[in-house]
Amino acid sequence: MQSSIAAKDKIIVPLDVPAKSAARELIKAIGGKVGFFKVGDQLFIAAGPAIVEEIQASGARVFLDLKFHDIPNTVRRAVESACALGVDMLTIHLSGGREMCEAAVVGRGISKILILGVTVLTSLSDEALAEVGFRTSVQDEVLLLADLAKHVGITGLVASPQELVALRERFGSLFTMVIPGIRPTWSEAGDQKRTLTPRQAVDAGADYLVIGRPITASPDPQSAVQRIIDELES
Ligand code: C5P
C-alpha cells in the first residue's frame, strides 16, 4: 500500500533544538528540500509562534506537535489557534476521550489542517500502562483508540513502525499515517529501538516519515535528505 505523496513531501524533519538560532540553521540548510518541519514543545516554548512563519517562508509546511490533552473546551480553542497560525498538522492525545476528540474536530472548522491522533506513547510498556490503571495491553489500547479516532472523524494517526502493519490491516487506507522511528541503513539507531528504513516504512503503508537525527545530526544535512529522497524514489 503506497500513497501518492511525492518522496520529498513525505519527509518531516523534527526541529528538536533548544533555540530559534539552531532551528534557523536547519531551516536554511534544508528548507524547501523537505515537505515539513515538526515543531514540538521545546522549540515552541523557546521560539514562539514566529518560528512557524519562518518555516513557512522557507517553503516547508509545519507539523505542530504539542499533543493537546485537556478538557474539551480548551482543546477546541487550542485547535482554533493552531488553525489561525496556519499549521498543516497537529497532534492530540486520543486518550483525552471522545468529547475532547470531538471538540478538536469542531475547532478545526473548515480548515484543511490534519488532526493526528496519538494512541499510546511508544515510551509506555504494558507494565507502565498497568501502573496507571489500564487493564489493556499496549496493542489493544492502540487499536481501541484508533477505533475512537475513526468514530469521531479524526483521519490521521501517529504510529510506531511496529503498530503500522496492524493498523493498516484493521483500518485499510482510512488513516493518514505519520511514522517516527525511521533509520536509513547508513545511520545510527541512537535511542530508537525498533526502526524501519524509509523504504520499508513506505512499503508498510506510511504516508509521512518523521526523520530526525539521521538528517539533523549529519555533518551535511542537505546530502542526507537527498540520499533519503533518492532511496525512496529508487
Ligand atoms: O531523531 P529521531 O529520528 O529519533 O526523531 C524522531 C522524532 O519523532 C522526535 O521528535 C521524537 O520525539 C518523535 N517521536 C518518536 N517516537 C514516537 C513519537 C514521536 O520518536 N513514538
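The model is predicted. The protein contains twelve helices and eight strands. Whole-chain values are listed in the table.

| Property of the protein | Value |
|---|---|
| Box of the C-alpha atoms along the principal axes | roughly 45 × 35 × 35 Å |
| Residues that count as buried, of 234 residues | 48% |
| Contacts joining residues at least 24 apart, among those between residues at least 6 apart in sequence | 69% |

The radius of gyration is 17 Å, which agrees with the value near 17 Å for a compact globule of 234 residues.

**Helix 6 and helix 8**

Helix 6 spans residues 98–108 and helix 8 spans residues 138–152; their axes come within 10 Å and cross at roughly 45°. The crossing of helix 6 and helix 8 is right-handed. On the helix 6 side, the contact is made by R98, C101, E102 and V105, which meet L148, H151 and V152 of helix 8. By type, the residues of this contact are four nonpolar, one polar and two charged.

**Residue L164**

L164 lies in helix 9, residues 161–171. Is L164 buried or exposed? L164 counts as buried because its relative accessibility is 0%, and the cut-off for buried is under 20%. Leaving aside residues up to four places away in sequence, L164 touches M177, I179, A201, A204, G205 and A206.

Technical notes: Residues numbered from 1 in each chain as written. Predicted model: local features only at pLDDT ≥ 70, side-chain atom pairs only at ≥ 80, totals over all residues. Heavy atoms only, no water. Helix = DSSP H or I, 4+ residues; strand = E, 2+ residues; numbered from the N terminus. Buried < 20%, exposed > 50% of the residue type's maximum accessible area, 1.4 Å probe, protein only. Contact = heavy atoms within 4.5 Å. Axes fitted to C-alpha atoms, helices over the stretch in contact; angles between N-to-C directions. Left-handed = near helix turned anticlockwise from the far one by under 90°. Nonpolar A, V, L, I, M, F, W, Y, C, P; charged D, E, K, R; others polar. Rg over C-alpha atoms; globule rule 2.2 N^0.38 Å.
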